[in-house]
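Open the model in your viewer and keep the selection panel at hand. We will go stop by stop.

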Amino acid sequence: MRPTVALFVPCYVDDFYPQTALATLEILEAQGFRVEYPQPQRCCGQPFINNGLLDEGRAFATSFADLFEAYDYVVAPSSSCIGTAKYRYEGLLEPERHRKLAPKLYELCEFLHDVVGPERLRLEHPFPHRVGLHNSCHALRELELARPSELMIPHFSKIEAVLSRIEGIEIVHPERDECCGFGGTFSVQESAVSAAMGRDRIADHRRQGVEIMAGVDLSCLMHMQGLARRDGTPMRFVHVAQILAGRVDFE
Amino acid sequence: MRSEESKFVDHFRNAEEFLKDPEQARWHDRALWFVRQKRDTAAASVPEWEELRRAAETIKAHTLEHLGYYLERFEERAQANGIEVLWAEDAAEFRRLVAEILQRHGASRVVKSKSMLTEECGLNPHLEARGIEVTDTDLGERIVQLAGDRPSHIVLPAIHLRKEQVAEIFSSHLHTDPSNADPSYLTRAAREHLRRKFLEADAAITGVNFALAEEGAFVVCTNEGNADLGTALPDLHIACMGLEKLIPSARDLGVFTRLLARSATGQAITAYTSHFRRPKPGGKLYLILVDDGRSALLQSSRRELLSCIRCGACMNTCPVYRRSGGHSYGTVVPGPIGSALAGTRDPGRYASLPFACSLCASCDLVCPVRIDLHQHLLDERQQTIRVPEYRGKVRGLKAAAFLLRHPRLYRQSIAALRWLLPRLPRSLIYNRFNLWGREREMPSPAPRSFSELYQARQGADNER
Amino acid sequence: MNAKQIILSRLGGHRTPPAEYPRPAIRTRPFDDPVQAFIDALRTAGGEALFVEDTASLDTEIIRAFDDPANIIDTRTPVSPTLETMERCDLAIVEAAFGVAENGAVWIDPAERYPRALLTLARSLAILLPCEAIVPTMHEAYERLDFDELAYGLFMAGPSKTADIEQALVLGAHGAMTLKVFLTPISGQSDFISPKEKQ
Ligand code: SF4
């Protein structure tokens, strides 16, 4: 029997970035998985957990587990939501429940890399563009999807391994693999520093001659997109899933 | 203790202030990122770097687990070496002890090398009030001392000042040419000025980087040689250390001396790594062991913070620190470790510091003793979110949680937003309460949500 | 209760002696050419290493390397200079017990042979180090050190330095402004070949 993958769509992605969710669904189906979208889906609880409001966090953790624990795999186009469920639900769910849930959770590229394997990927849409890759902190330093520059370990990047299978794509890295400054409520509570950080990331990519920035977390991209729009900086933002599924449509 | 104790430190406002000078802010960010890069190069040159970090973490955890035992052993060995060991419960007792020793020896001019502990305990003002002149001899510390300022970084105390500002400070205190901001010229002037202070001093105060329980000795690391010169001339040396500076033995020093300077500045080792085991002939050597909250920290869930070797790497890598400056934290030790420590001291006053963090976790990975700094900051938010200043924030979050817990209600509000946003005048959307919109454009909801698209897709599938 | 007793009582359960201490063992990788590594590291630290082919010419080579210093204090035989002579000292010649390849540091222990202050008051330092006495890393360095007789000793890596003004490196903060290490053949070993010639 084909394993069933449950698709988790982060709350803000559902309404603001439906194309990314659709792309995720399509790319998973294209690999031969049966994909279900169980409902009603709720927020992963990250904003509450990260602000120390654990009672609220516990409620979201519980509904997440209720909805997803029966599946073989849970995949989301977001490293920060997956990271939350994987690492921050510890202590919010019963230990046994969390222990069983955590290994089923995958960020999309992680799933394509670890479960499918980059060589066996079925990807049909070329993307002949120069793309700056934004490695979000949760992908880099929490889910360990690539080597962060701080660690003295051999180089690897699961995201790049997957994305580089796309025909025609040219992947470019910024000089610094630094945080973009989104950080959830950090973006409003520390808006000045947050904006400075985001502008620096955009400028870094611009210096590499990049006009399309891709990433695995829409929250980071949404923040930088907001800054670029305000400043009139020519930079377009796209989720990696959309490149993989050939669903890139710059308005 | 200090008078401003209960005043709320608003990191956001302080950071905003710092960023008002964009050129200075950019310089600060770049200068410190450069130090971080030098750290990367230095770390990469050691094939067993990550192994060293794990070893350092293990040694520190082991020492802390048996801290009382090692402290007593250290005291016993140090006394046998002729070092007089004293204990101070808190900052006040520490200040009193130092003043007493100095007065007993008739010392009125003191040269002091870098010691974060003496900053923490407010030693200088205490001694100065008793007619004792204290000269900070580390160049960076001397600059801020002359300026009546405070260090903004634990390794690079004057990193917030530009050379032109230093030229100004020196010209009014050391009578240098105000128009000459050449670092070599200014450093020479400081050397001459401080050389006189060294020669006149009748006591030296130093910090301690590592104390060795087995050998009853301690190590002081500097680049300038100020601890060595300071202690070599006068007959009186007072070394000050927090309880946590202890390690079991000199055989553990290899791990730490390999990590410290590489993490701090990207040097393979500090220019001077000096080992003090006995007073010099005819001299007197005191060592004061200071608790000042450390034993309480040891018993708490924040114990790991005591492993810190004060290398400053977490500051250099912190994207927030680099863009807000050390003074924005309102603490003696700024940056990630400073924020984590401040929360354990006065969670009310320092409530904003755990939030001055985007949770990027870069600090955890550069930390030579592998402290989970961002995890500690996250955990501390559970307390600090409860201060009165964040009541509005909590209310907002709770309302959002309520909305997100109720899909039907949530859908309705999004639908309302979808209808409202294009119709509202821009000035109403980007009002002063819209913190997101201060710097950025708002994303707009798509015409149809994924849930709707999915339903339509399923419907089409079923018809087929 | 005095402060010590109060603090120790606060430390409560943390006073038990460790049953065992499995000191983490670090697997270091040896240098292909430790002497060259030492030379490179010392240069990075702002110092300089010079080979002395023949111990007989050591003194002249030192003088030449420092541009005829006027006031020299040579500590190869015990000396007790006054503060004034140390202050005026252009060059102090001191012996190092061993050096460390990974960072260019040398271990110096003045013991009773000369005052500690000489090491920082002298404008320049000439440090004599037998070529063979270079250990790979700080781990081996500490294995070699004997604390039993030590009063004060230090690893010195290059001259005194600071970067406290705008991160601009300036040599000669408070201590020596220049530091040169003279790599000497082991005394009595006539067939000494410098590693450079070996290649
Ligand atoms: S917490 Fe770690 S990185 Fe920060 S100063 Fe301490 S030892 Fe260095």
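Select the ligand: the space it takes is the second largest cavity. A cavity here is a set of points, on a 1 Å grid over the protein atoms alone, where a 1.4 Å probe fits but cannot get out. A molecule sits in one if more than half of its atoms lie within 2 Å of its grid points.

Next, show the residues with a heavy atom within 4 Å of the ligand. Among them are B:Cys308, B:Cys311, B:Cys314 and B:Cys367. B:Arg310 and B:Gly312 also belong to this shell. It divides into 10 nonpolar, 1 polar and 1 charged; Cys and Pro count as nonpolar, Gly as polar and Arg as charged.

A word on the model. It is predicted: local features need pLDDT of at least 70, side-chain atom pairs need 80 or more, and totals for chains, interfaces and linings use all residues. Residues are numbered from 1 along each chain, chains are lettered from A and ligands numbered from 1 as written, and side-chain values use heavy atoms, without hydrogens and water.

Now color by chain. Which chains share the most contacts (heavy atoms within 4.5 Å)? Chains B and C do. Chain C brings 65 residues and chain B 93. They bury about 6,700 Å², counted as accessible area (1.4 Å probe) lost on being put together, summed over both. Pick C:His14, C:Glu166 and C:His174: they supply 13% of the area that chain C buries against chain B, more than any other three residues.

Move to chains A and B. Here 68 residues of chain A meet 75 of chain B. About 6,000 Å² is buried, 60% of it on carbon and sulfur atoms.

How values were computed. 1 Å grid on protein atoms, 1.4 Å probe; cavity = no way out; pocket = protein on both sides within 12 Å on 5 of 7 lines; lining within 4 Å. Contact = heavy atoms within 4.5 Å. Buried area = accessible area lost by both parts, 1.4 Å probe.
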